[in-house]
Structure formats: C-alpha cells, structure tokens
Amino acid sequence: MDKRVLEKLEFPRIKERLGQLTSSSLGRELALALGPAFDLEVIAHRQQETTEARSILRNFEQVPLGGISDIRPALGKVKMGGSMDLRELLATADVLTAGRLLQEFLKTTGDISPLLREYGAEIQVFRRLEKRIREAVVSEEELSDRASEELFRIRRQISTNSNRIRERLDSLVRSPLMQRYLQEPIVTIRGNRYVLPVKQEHQNMVDGIVHDQSGSGATLFIEPMAVVQLNNRLRELQAAEREEVERILAELSQAVAQVEEKLRDNLNLLARLDFAFAKARYSLELDAVEPRFNQEGYIDLRRARHPLLKGEVVPIDFYLGRDFHILVITGPNTGGKTVTLKTVGLLAVMAQAGLHLPAAPETETSIFDQVFADIGDEQSIEQSLSTFSGHMKNIIGILRGCTPHSLVLLDELGAGTDPTEGAALGMAILHYLHQREIRVVATTHSSELKTFAYKYPQVENASVEFNVETLQPTYNLLIGVPGSSNAFAIARRLGLPGEVVDLAGDFLSKEDIRVEDLIRSLEEDRVKAFHDRAQAERARDRFESLEERYKRETTRLEKERSEALAKARQEALVIVNRARREAENILADLRRETRGILEREHTLTAQKARGDLDDLRGDLENELGELLPPSPGEAPRDLKPGETILLTHLNKKGYVLEPPTDNQVQVQVGVMKVTVELDQVRRVAPEAAAAPKTGLGRLYSTKAREVAKELDLRGLTVDEAIYQVEKYLDDAYLAGLDEVYLIHGKGTGALRKAVQDLLHNYPHIQSHRLGGYREGGTGVTVVKLKK
C-alpha cells in the first residue's frame, strides 16, 4: 500500500502508539514495521493473535514479558567465532529465562489462547546453558569467582598478595621516620602498582621506583623496593586472571554459538508474542472489537470512532457496498466530513493489519487490495493544503491503479478551481468510478454533486449534521440526507447585515433556490427521521440493557438463593454435628461419672464383702475349730531348709527355703517364693496326706462350684457389661478357673472393644483372644486366667 496514503490516514501514529505499548525493542521493531495484509488467512491469523492476547490480559494479572532484548548482534559475533562480553552474556541469559517463563505461563492459559500456546510450545528451552551463564556471570562488570576452579585459585592468590603488599606499606606508613617523608600517610595505586606519596624534596630518602608525580610536582608516587617483587607477582596474577576470564568467556560464547540458530528462532517468537500483547493492550485502551471480514466489498462500521481523537468522540454509523458503492458526503466546513473519510480509511487499514477496531460488536469490513486517498484540507491533522493540480495528479494515479476491490477516498472533490468546471470534473470522476463498481467515499461542497446521487443507482448522499442555532457541528453522519452549506444562515447568525444576506439570496437563480429548498426540506425530514430512529434505537438499547440487567439480576438472585440454601444446609449440618458432638461429650461424661459411681459402689461392695468374708472366716474357724484335728502345737521355730510345711491359711504345701528369722520364714509354694509368719506354718511329713480343708478352703471350693465358665453380656450397655465382667473375673479367679468365655456378640463391635480394652489392664489375666471357629468367632472373647 502506498506509503503516502498511510501517512495521510495517519497510520504511522497508530504504529508509534503500538511501539510504546511493547515490552522490548524487538516487539517495537515489529510494531513500527506493521502494514496491512491482503490475504484473508493472514489477516485472520493476525486478528486471532490480538484476540487471544486480549483474553489473556483480561484473565491474568501479569504476563512475564520481562528480559526480552535484542541479542542478534551478539549472536552474530559468536557465529563468527568471537566472544561475548559480560553484558551480552547476561542479556542472553535473560532471553533464555524469558522464553522459559513465557512458555510455562502460556501452558496455564488453557483454551482461550490455542495459537499463542502454540507459539509458546515452539520456544526451545536451554536450562543448562541458562544456569551455567547465571552461575558464572555476577553482573555486567564481574565474573563469579566460582566460574572455574582456576579463576577461584588465582583470585585467592591475588587477594593474599594484595594483603601482603598493603601490610608492608602500612608498616612503612606507620613508621615515624617515613612519615616525615610522606606528603600524606596513605597507600595509593598508580599504574596498577601500590605506591606511597613522597614529598619531592625527600625523593632520595625513599628507596624505590617513581611511577608518577602530582600536577604541581610537589608529590612523587614511589613504589618502595620492599614491595617491588610483590607488585610484580601481583601483575603476573592479574594477567593470569585476565587470561582465565577470556578463556571462560570464550567457552560460554562457544556454548551459545552451538544453539545460535535456535536462539534466533526464539527471538522471533518472543518478538511476535510481545507484539501480540501490545496489540491487545491497544485494543483494551480503545475499547475495541475484532471485526468480521468479507470479500464482497461491504463495510458496516457500527458506532465507529477515530482512534486518534481525544476526549468525548461522537461515534458514526457507516455502511457502504450493498445498496450503494459510492457515498457523497456534503456539509459545512469543520463539520466532520474529513474525519469521517479518515475514519473509514484508517479502520480499513487497521483491520487488515490485524488490529481491533474502536467500534461496536458486529462491525464488519471488507478486504481491499488497495486503499487510495486524496485528502488535504485545513482541518487535516497534518495541516496539508493541496492545490488543484496536486489534487488532479493524485486522482490520475488513483484512476490508473484502482480495481473493483479497491477503496477510494476523495476529499473536497472538484475544489480548487472554477466551481462549475470543478463540479463537472467531479461528476465525471464519480461516473468513471461508478462504471467500474469501485467503492468510493467522496466529500464536496458542490450542489451539482448532491444531485448526482439522485441520477445514478448505487450512489447515495450523506451529510454531517450542523446546528444552525449554536453554529456548532454535531458530527452525526446522516446517510441518505444531502447536506446544505448553510452559508446564509451562518452569515446571518454571525452578524452579517440582513440586507446583505437578502441581496445574496437575490443573486441565486430560481433553480438554485428550488434545489436548495428541496434539499433543505429533505434534510429536515431525514434529520428528523434520523433522530427518531436514534431515539428508537436508544430506547431499544435501554430495553435490551434493562432486559440483560434483569436476566443478570435474575441469575444473580437465583445463584444467591442457591448459595444461601446451600449455606443454610451447611450451617444446619454444622449445628447438627456440633450438637451431636456435644451430646456425645455429655454422654461420655455421664458414662465416666456412672462408671465412677459404679466403681465406687463396686469398691464399697468388695470392701464389705471382704469384711464379711473375714468375719465369716473367723466365725467358721471358731465354730468349726472343735471339728478340726488338734493343732500340731505351737509354730515350729526350728525349721530347716528343705522341710515340708503346710500354709494353714491357704491349705497349700510347700518347703522351707531359709531358716526362720524374726518370727518369719521364706518358703516355696508352687512357683512362688513368699515370706510368711511362723504362726501360719505347720511342719508336716512329706508323705502325709493333705490336711483337711479349713472353712475358708471349703468356701473356695463352694465358689468354684457356683461360677460358670461363660458370661453372656448381650443386651447390656457398655457400662453394665464392664461392671458384670469385672465382678465375674474376680469370682472366676477366686474359683480357680483356668479359662472363661465372655459372650458379647458381633453387632457394631463397640461392646467387644470395651471388653477387650478392660482385659488389657486387668491384673488376673494371662492372655485373651477372640473365639475360634467352634467357639463363637468374633462374638466371643476367650480369657485365660493366671493361676
């Protein structure tokens, strides 16, 4: 497309703004090189980039576009075998990081950006190279000590050597004798060598090499001989450091050179992504939309705005190409004719360049092979004034180059020459373009051109509205309404004497007056119809807005209702669960209190039972004492280890382990060693029969006959069952039972668990297990008692 046309339409200003919205020089380069495309597939591809990037910006707070820079000169250097400097290596690492982060980010954008995610997937990631450069390069001026072991060793030696030099020079500076010779008691550097500032008159008093002198000549900078060798060694180490740094830079540059072509591909992708997001930012800035496209030459701009106008902009509705393909716009100066012309041309170029249009949804435009423009008036942004010859030269080029797929924009057609001849030329030019069915938008002040639209099909009049009362344009475009210049009305409103205005009217021919009156009448009718339609459209828009708002409110209320119900159910569930937990806690407290009461009652009962047993044993021993065999006599005091004895209170035999002491004796009874009182021991012969049972022994025997080998707990609560189990196990132990069965049933397992928890800590239990196949299975716990 002709560069001059793009400049007249002010497309370079659009590109400049796009460049300002990019994040890198690479993206800005693409923005400034932007031009319209002419292939529908290419245009659709560009528009998709903008639309997807806009969706990402609306859904994500930040896009990682930092770190993208133009490293192409550095890549060219390494391709030729050269080495990058530290700044170039850091920039390369930044580009590697930017590519990696952008690729990872685009993976998270989902289905809203398939094309941009494809761009991200094409980016090649070099993590090892990125890490290697980051570890080696600290800043644009410094290479890390850890870049290589050799560099670390050299720099450590440099540090050590420098410290030794400074220590020696510091000792000289602190010397009272040397201080008399020094201009200042400091150590400084000249020519990368440590020196002392010595007064010129004491030069011969300091043995060393002069490296420099002050501007006045009063101070000589002398390197003392004491540090010459150390300074020489320092210079050697510094040279070795430079060589090692150059080697490391060459090594890193070689690693970059191996992926140079892939890095160039990455740069292209990063630039395209940066530019896509710049287009998206511009779309958001203009509140723009993606237009629809056709190839039939049809334009339908809805509430379109010129993107470069600031402040409150009056939108226009413009259509061309279906009912008519030539539109003649008339009206007074400063009314907006030229702005309308530029808006149509600029939006056509922007759409084909892949940019969104500042217009309403459903906006549509065609794909033109060329946009031709002859624009030049004092209202243009460039203030470019054209002569008639200049107009004709441009129009001649347009007529030679235009095709049925072109868009032609003609400003002030027929101006700059004799009005009659200019009008005739204008009509001839429109007739030529009309025969070739070329899309044309022309502006004019010529009355003859207003009537041209009524004579030819596919040609339509339009005007920009002007308020005669306020002498201000409204900038509304009225298609189908021819405009009048309103020269007489404007002159009268501005204060031109009435007789002058009336005299001017007398100079018009009757035909001119009839045409002007006809046009004015038509204009008034069409303006009224336009405003009525606009009012109806506003009413419709308000209705649709209210309807949409009603739908949104209905949806919102329904959502809030559902959320409120769900929240109420959740809160009710929380309350029920809290109440259940509180009830369970209360029941647990009650169980603990009940168990405590039962345990206290059980303890009291057991204590009472023990007391009753003691009383019963005393009564039985008293009552039955006469029936028992006579006592063998007093307790034996001369028992010897190994003798057989009888424990009278247990009716158990045993034998003596140690001789009696302090009226006690240690004996072995079964597997137990016990110490008992001598009064409870009687000497018996080993072969003697067991002594007759005492009354207590007969009680144990009776208890053994009364206690069953199983206890049925089914139907009891946990607390009731625990109480029964404790009592039963005591009785079973006293009865000397070896094994008992606790029948708790299967059920929920709560009773079984409570019983087994009790058995874990019960003192008389040797072991317990669940029942076997023929013992009741998990509904029975088999308990083995201690002997």
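Predicted model: local features only at pLDDT ≥ 70, side-chain atom pairs only at ≥ 80, totals over all residues.
A residue counts as partly exposed when its relative accessible area falls between the buried limit of under 20% and the exposed limit of over 50%. Keep that in mind for arginine 492: its relative accessible area is 43%, so this residue is partly exposed.

Setting aside the neighbours within four places in sequence, arginine 492 touches Gly498, Val501 and Asp502.

Two other arginines have a ring to look at. Arginine 322 places its charged end over the ring of tyrosine 298, 3.5 Å from the centre. Arginine 436 does likewise with tyrosine 432, again with 3.5 Å between the charged end and the ring centre.

Now for ring against ring. A pair of aromatic rings is described by the distance of the centres and the angle of the planes. The structure has 3 aromatic pairs. One of them joins tyrosine 319 and phenylalanine 324, with 5.8 Å from centre to centre and 55° between the planes, which makes it tilted. As for accessibility, tyrosine 319 is partly exposed because its relative accessible area is 34%, whereas phenylalanine 324, at 5%, counts as buried.

Next up is a sheet. Strands of a sheet pair through backbone hydrogen bonds, either parallel or antiparallel. Here we have an open sheet of 5 strands, ordered S18-S17-S16-S15-S19 with antiparallel pairing. Strand S18 (672–677) and strand S19 (681–683) are the edges, each pairing on one side only. From one strand to the next, the twist averages 45°. If you zoom in on strand S15 (residues 644–647), you'll see 3 bridges joining it to S19, with the two running antiparallel. Leucine 646, for example, has arginine 682 in S19 as its bridge partner.

Finally, head to helix H21, residues 718–735. With 18 residues at 1.5 Å a residue, this helix should span 26 Å, and the end C-alpha atoms are 25 Å apart, so the two values agree. An α-helix has 3.6 residues a turn, so residues three or four places apart point the same way. With that in mind, have a look at the buried residues of H21, among them Ala721, Val725, Tyr728, Leu729 and Ala732. Just after the helix comes glycine 736, with a positive phi of about 80°.

Key. Residues numbered from 1 in each chain as written. Heavy atoms only, no water. Helix = DSSP H or I, 4+ residues; strand = E, 2+ residues; numbered from the N terminus. Expected span 1.5 Å × (residues − 1). Buried < 20%, exposed > 50% of the residue type's maximum accessible area, 1.4 Å probe, protein only. Phe/Tyr/Trp six-rings, centres within 6.5 Å; stacked < 30°, edge-to-face > 60°. Lys NZ or Arg CZ within 6 Å of the ring centre and 35° of its normal. Contact = heavy atoms within 4.5 Å. Pairing = 2+ DSSP bridges. Axes fitted to C-alpha atoms, helices over the stretch in contact; angles between N-to-C directions.
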